[in-house]
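Biologist: Could you take me through this structure step by step? I would like to begin with the overall build and then turn to the details.
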Amino acid sequence: MDSLNALLEGFATALAPQYLLYALFGVFIGTAVGVLPGIGPAMTVALLLPLTYSLDPTGALIVFAGIYYGGMYGGSTTSILLNTPGESSSIVTALEGNRMAKAGRGAAALATAAIGSFVAGTAATLALTFLAPGIAKLAVQLGPADYFALIVVAFLTVGALLGSSVPRGLVSLGLGLLLGLVGTEVLSGQQRYTFGIASLADGIDVVLIAVGLFALGETLYVASRLRHGSVRVIPVTRGWRNWMTRRDWRRSWRPWLRGTAIGFPIGTIPAGGADVATFLSYATERKLARGNARAEFGRGAIEGVAGPEAANNAAAAGVLVPLLTLGLPTTATAAIIISAFQSYGIRPGPMLFENQSGLVWALIASLYIGNVMLLVLNLPLVGMWVKVLRIPRPYLYAGILAFAGLGAYALHFNVFDTLVLLVIGLVGFLMRRYGYPVAPMVVGGILGPMAEEQLRKAMAISQGDLSYLVHSPFAIIAYSTLAVIVVLGVWLKRRKARLEATAPDPITASLPAWEEVDR
Amino acid sequence: MTDATQAPLGASAPGGAPSARAARPAIGEFAFAAVCAALGVYAIVGAGFIRVPPGSASVLGPRVFPYAVGVLLVAASVAVIVQVARGHRGVPDDGEDIDPDAPTDWLTVAKLIGCFLTQLVLIEWAGWPVAVMVLFGGAAWSLGAKRWWVALLIGLGLGLATQLVFGVWLGLSLPAGPLLEWIPIFNG
């Protein structure tokens with residue numbers, strides 16, 4: 001087994017003391033930002049990009065991978081313990097987890113989420129280990145037309161499936177593509193949409209788009225409708241050792257495995273990431289539940305936490321497959337990790353496993369290690385995360401603004417970037433306000449230039465013959481899959497809407513034991 | 001689910017229960033979609049002004065992709081306008097800290113934008129720590145922090161801490177500003 005040997009070598013690297021410390025730092029920061037509402041892993045990785053100036057590539061990528069995985073764990077704590085629904089990828093967890101917490105079973109919900117995340121993360125990383133080298137070998141043979149097909153699939157699935165309606169997703173995608181056009185065009189050296197401003201000639205940095213939309217846009221939007229009063233956190237009692245009863249284990253392990261099986265494949269295809277996977281897992285568990293468990297759905301069924309949380313983490317690992325083997329980012333965080341690779345002059349893609357195999361395998365080994373660390377960080381230390389959760393909101397969002405400003409200014413040490421960040425943030429605010437999804441815009445901004453490059457390469461090869469775009473079996477398969485995905489996705493969204501409409505109202509009657517903290 | 005503009009119900013509806021469709025016209029939604037369409041038109045018109053170098057070797061010039069982007073943007077924006085006109089309003093984002101029944105508080109948004117704009121002047125004129133102090137203090141105060149001087153102090157601490165970590169330890173050239181430049185550690 002080639003990849004097994006390589007993996008062992010990767011472990012030898014990743015277990016070196018300094019890399020262990022980097023991994024710990026990464027998962028710690030990742031969990032913290034996952035817990036905090038308003039910051040996601042995308043923004044955190046963007047802010048820590050300066051690490052690439054002083055760390056070696058392996059160290060920096062281990063930190064970023066830790067943040068990426070940690071963010072997935074932290075989100076579940078928030079949606080279970082905070083008395084309001086959480087971010088999109090873990091909102092399904094909130095459906096059951098939040099109600100379990102209110103019924104005094106928060107500890108079990110947290111434990112099944114953390115252990116499920118661990119099981120799914122490890123299983124999915126295992127799948128990544130054995131799948132990725134093979135896919136990379138296949139991907140070497142892909143031509144520009146095939147890459148263009150893949151990117152079009154990513155555009156349309158992300159644009160059409162995220163958000164409340166297809167046109168809104170496409171507007172968001174179009175705005176991102178437009179931002180991606182700004183700057184000097186590579187092949188002919190012409191400036192496009194730069195207004196003659198020198199700072200725009202280099203293009204608008206991905207970091208500005210991600211931080212602007214996710215940090216600044218989110219903060220402005222939250223500020224416009226801030227929930228005033230106290231932060232209500234549901235308390236967790238009981239020691240962490242006896243969080244899950246034997247019955248809880250019996251009810252959890254099958255959903256964990258099913259969630260993994262659903263999440264990983266969905267993560268690997270460019271179809272909108274973890275959001276779809278968690279929902280699909282939830283719907284499956286609800287359908288499969290029998291007897292007592294069936295009656296509990298909607299009032300705190302442990303299966304409804306275990307499955308979606310596992311699916312969420314498995315999808316996160318799945319996203320790394322196209323990222324490492326094709327150089328194709330399908331989420332905002334993945335896109336920023338790509339720009340970290342690029343700042344070292346490394347281009348992710350099929351050749352990565354050949355040229356940088358030491359780096360890649362150390363990265364994959366660090367994912368296994370990070371998963372173990374996250375389990376340890378999340379179960380016994382949950383009390384600390386609860387404290388993080390209760391940071392008064394004015395200070396939390398003021399801090400996010402300050403760090404967003406740092407991320408923008410530190411790019412080129414030029415306040416012009418700060419201004420661009422503000423404009424993009426304002427657009428992000430308006431998009432949230434009027435119900436446009438922001439993720440397609442980020443994906444458009446990153447994949448747009450790649451799409452144009454591949455399209456023009458393909459056209460140069462074929463001398464302008466458009467039929468070249470569908471000449472290879474791979475491209476034909478990609479486009480027909482696209483049709484299936486879009487039809488399936490629209491159907492799923494209808495189902496999801498129906499499910500949400502029939503879900504019983506959250507139990508909001510006051511429970512006496514909520515800890516209240518002044519904002 | 002919920003609607004674009006939400007009138008606060010008489011009694012505070014618990015935890016994001018869907019509220020009745022507000023009768024207010026969707027001016028903001030139309031305006032945003034119209035601006036997006038205008039950006040698309042701009043992309044198309046602007047593409048015509050991109051210089052195509054004579055004798056360019058590639059078949060597809062630097063204009064084609066911008067044209068496509070412009071057309072996509074215009075078509076999608078018009079589709080949104082049609083949807084809104086038919087009564088399919090946008091669903092604003094949910095979030096942990098979002099009060100689903102609160103009307104949009106434009107004043108706070110404007111205050112935050114104002115605080116952020118101070119960065120444009122302060123970072124290079126007064127230094128990074130002072131700029132963070134003003135941004136953090138101002139933003140926390142706008143968002144309803146009870147004691148403004150605590151916010152300013154935390155902001156100053158955050159500014160100094162980031163200056164130390166990112167400026168001194170990671171070696172980013174954040175300007176320390178005239179107030180701190182005489183301290184050797186901040187002087188790079």
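Biologist: How many helices and strands does chain A have?
Modeller: Chain A has 21 helices and four strands. Helices (H or I, at least four residues) and strands (E, at least two) are DSSP runs, numbered from the N terminus. This is a predicted model: local features need pLDDT of at least 70, side-chain atom pairs count only at pLDDT 80 or more, and totals for chains, interfaces and linings use all residues. Residues are numbered from 1 along each chain as its sequence is written, and chains are lettered from A and ligands numbered from 1 in the order in which they are written.

Biologist: What is the radius of gyration of chain A?
Modeller: The value is 22 Å, close to the 24 Å that the globule rule gives for 519 residues, so chain A is as compact as a globular protein of that length. The radius is taken over C-alpha atoms, and the rule is 2.2 Å times the number of residues to the power 0.38. The C-alpha trace of chain A spans about 70 × 50 × 50 Å along its principal axes.

Biologist: What percentage of chain A counts as buried?
Modeller: Of its 519 residues, 63% count as buried. A residue is buried if 20 or more other C-beta atoms lie within 10 Å of its own, exposed if 12 or fewer, and partly exposed in between, with C-beta atoms placed from the backbone.

Biologist: Let us take one residue. Where is A:Ile336 found, and is it buried or exposed?
Modeller: A:Ile336 is found in helix α14 (residues 332–343) of chain A. A:Ile336 is buried, because 28 other C-beta atoms lie within 10 Å.

Biologist: Which residues is A:Ile336 in contact with?
Modeller: Leaving aside neighbours within four places in sequence, its contacts include A:Ala42, A:Val45 and A:Val206. Two residues are in contact if their C-beta atoms, placed from the backbone, lie within 7 Å.

Biologist: Now the other chain. How many residues of chain A are in contact with chain B?
Modeller: On chain A, 72 residues are in contact with 71 residues of chain B. The largest share of the side of chain A that touches chain B, twelve residues, comes from α18(A).

Biologist: What does UniProt list for chain B?
Modeller: An unreviewed UniProt entry lists residues 30–52, 64–86, 106–136 and 148–172 of chain B as "transmembrane region". UniProt positions are given in the numbering used here, feature names are shortened, and annotations may be inferred rather than shown by experiment.

Biologist: How much of residues 30–52 is helix?
Modeller: That span of chain B is 83% helix and 0% strand, with its end C-alpha atoms 36 Å apart.
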